[in-house]
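Reader: I would like to learn how to read the local features of a protein model, one at a time, with the rule behind each of them. Could we go through them with the model in view?

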Amino acid sequence: MALFTTAALVGHGYENSQETLRLRWPPLYAYWMPHWGPGTVAAPAVAAVVIGCGPRLARTLGWRPLLSAAWAGGMAWSWSLTLVDGWHRGVATRLTTGYEYVRSVGDVDDVGTTLRGFTGRILMDAPDNWPPHVAGHPPAALLTFVGLDRIGLGGGVWASVFVITVGSSAVAALLVAVRALASEELARRCAPYAVLTPAAVWTAVSADGYFTAVAAWAAALLALAATRSARVPAAAALGSGLLFGLTCYLSYGLVLTGLLALAVLAAAARTTGSRDGRAVAAAPPPVRVRLVRPVLLVLLGMAPWFVWFTASGFWWFEGWSTLVERYYQGAARVRPYGYFVWANVAAQTAVAGPAVVASLRRAGACARRGVPRARGALLLLVAGGVCCVLFADLSGMSKGETERIWLPFTLWLLPATALLPQAAQRWWLAAQAVLALTVNHLLITGW
């Protein structure tokens, strides 16, 4: 609370902050406008159900029903928060602004031609330059919405339905990874927090929610392959590679999920997941036999994306270097690094919520005194998410708007909530819900 309040006061204290920070309500990219809508009734109702029944269901449901319930609960929470802004502003037009991918779908008549000329339209002074979000990402992000349009699911409503449906599946992916790497008990303990996360305020209304799910399933499949928890570990590793390769062409910043992959492998080296998800002691030789082969298969799975995009005329490194130039043509040129390098972290307290902040303190204490294998694997997974956030923050390529940009990273802070005392679980869940409802009703979040 102190960090966020300080960031808000300092941010509002900047002279003419609209021209310096390019934020209306720092440290968040939002503006003050108390409002309500259909979600004002639905969101508290969903929160009450999760707080009242979530902990018990997480303990008693079968594993597969729990995954389905978590996905459904995350989707209900996302929809209800989105509808606080109303159907028109929250759903129908949220992804159709001048910044968004949907506005550029009509510019893609031929995919090959688009890819060959994609980099040439990134800079702001380029003829017919791309809108900010299209220019700021590799072409797979735009092509996703082009694909939806081609199969008859075009427009803002279908874009929102797609983002919410796919984005909320990240909850299930997170639980799969925690179960494979740590234990089923720890996965069940963090499940209610994964559903009732304040991050849903942003996951449900930005394409970064879709990116989050792709990266989450890539890590989950890697966890299944590395621990041999999948029925066909080789297939899981190839699937992980396909998704990791896709993330590279959805967002340049998602190359940092390589740090998350290393954390998954490190956690897998501590424990192996049995078929029923119980953690057992690792058997020698753990690295050469169990980890090297999945890594090779992951790299093999990534290769088709790099081959196809490069052969089609888009060179990833050229796109990245051009984007950096475009980045400093825009808001980054005036946004002060000295403010955002810590205000970004302050913004994440609103995304992660007080339960995550408290659990990270517990995670740090556990790391200092040593823990059993299962909890050690959990801490490595959380450390991977922390490292992604820190690297993104220090890079200087994340000056503001990190509440949506860092969603694929902050998701991996949620497993730490398994360390919170179960007796206080409902109180922490209530704190998470109150924060999300407060932010969503007082601020209009946008990009």
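Author: Let us begin with how elements are named: helices (H or I, at least four residues) and strands (E, at least two) are DSSP runs, numbered from the N terminus. With that rule, Glu401 falls in the loop between helix 21 (373–394) and helix 22 (402–405). The model is predicted, so to speak of local features requires pLDDT of at least 70, side-chain atom pairs count only at pLDDT 80 or more, and totals for chains, interfaces and linings use all residues. Residues are numbered from 1 along each chain as its sequence is written, and side-chain values use heavy atoms, with hydrogens and water left out.

Reader: What is the phi of Glu401, and is the residue buried or exposed?

Author: The general idea is that most residues other than glycine have a negative phi, and most peptide bonds are trans. Glu401, although not a glycine, has a positive phi of about 65°. As for accessibility, buried means under 20% relative accessible area, exposed over 50%, and partly exposed in between (1.4 Å probe, protein chains only). Glu401 counts as buried because its relative accessibility is 15%. Arg22 also has a positive phi, near 55°, and is found in the loop between helix 2 and strand 1; with a relative accessible area of 31%, Arg22 is partly exposed.

Reader: Which residues does a cis peptide bond join?

Author: The bond joins Pro26 and Pro27, with omega at about 10°. Pro27 is found in the loop between helix 2 (17–20) and strand 1 (30–32).

Reader: How many salt bridges does a search of the whole structure find, and what is the rule for a salt bridge?

Author: A salt bridge is a side-chain nitrogen of Lys or Arg within 4 Å of a carboxyl oxygen of Asp or Glu, and a search of the whole structure finds nine of them. In one, the side chains of Asp85 and Arg94 meet at 2.6 Å, N to O; Asp85 is buried at a relative accessible area of 7%, and Arg94 is buried at 8%. In another, Arg404 pairs with Asp208, the closest N and O atoms being 2.9 Å apart. This pair links distant parts of the chain, with Arg404 in helix 22 and Asp208 in helix 13 (residues 207–226), 196 residues apart. Arg404 is buried, with a relative accessible area of 5%, and Asp208 counts as buried at 5% relative accessibility.

Author: Patches are made of residues with over 30% relative accessible area and no salt bridge, where like charges are joined within 9 Å and nonpolar side chains (Val, Leu, Ile, Met, Phe, Trp, Tyr) within 5 Å. Lys and Arg count as positive and Asp and Glu as negative, while His and the chain ends are not counted; the place of a charge is taken as NZ of Lys, CZ of Arg, CG of Asp or CD of Glu. Here Arg361, Arg362, Arg368 and Arg369 gather in a patch of positive charge.

Reader: What accessible area does the nonpolar patch have, and which residues form it?

Author: Accessible areas come from the Shrake-Rupley method with a 1.4 Å probe, and for residues, only the protein chains shown count as cover. Val292, Val295, Leu296 and Leu299 form this patch on the surface, with about 320 Å² of accessible area together. Leu296 has its place in helix 17 (residues 292–311) and counts as exposed, at 54% relative accessibility.

Reader: How many aromatic pairs are there by the ring rule?

Author: Rings of Phe, Tyr and Trp (its six-membered ring) pair if their centres lie within 6.5 Å; planes under 30 degrees apart count as stacked, over 60 as edge-to-face and the rest as tilted. The count by this rule comes to 23 aromatic pairs. One of them, Tyr249 with Phe306, is edge-to-face, at 5.2 Å centre to centre and 70° between the planes. Tyr249 lies in helix 14 (residues 233–250) and Phe306 in helix 17, so the pair ties together parts that are 57 residues apart in sequence. Tyr249 is buried, with a relative accessible area of 0%, while Phe306 is partly exposed at 31%. Ring pairs also link Phe118, Trp130, Tyr249, Trp305, Phe306, Trp308, Phe309 and Phe314 into a cluster.
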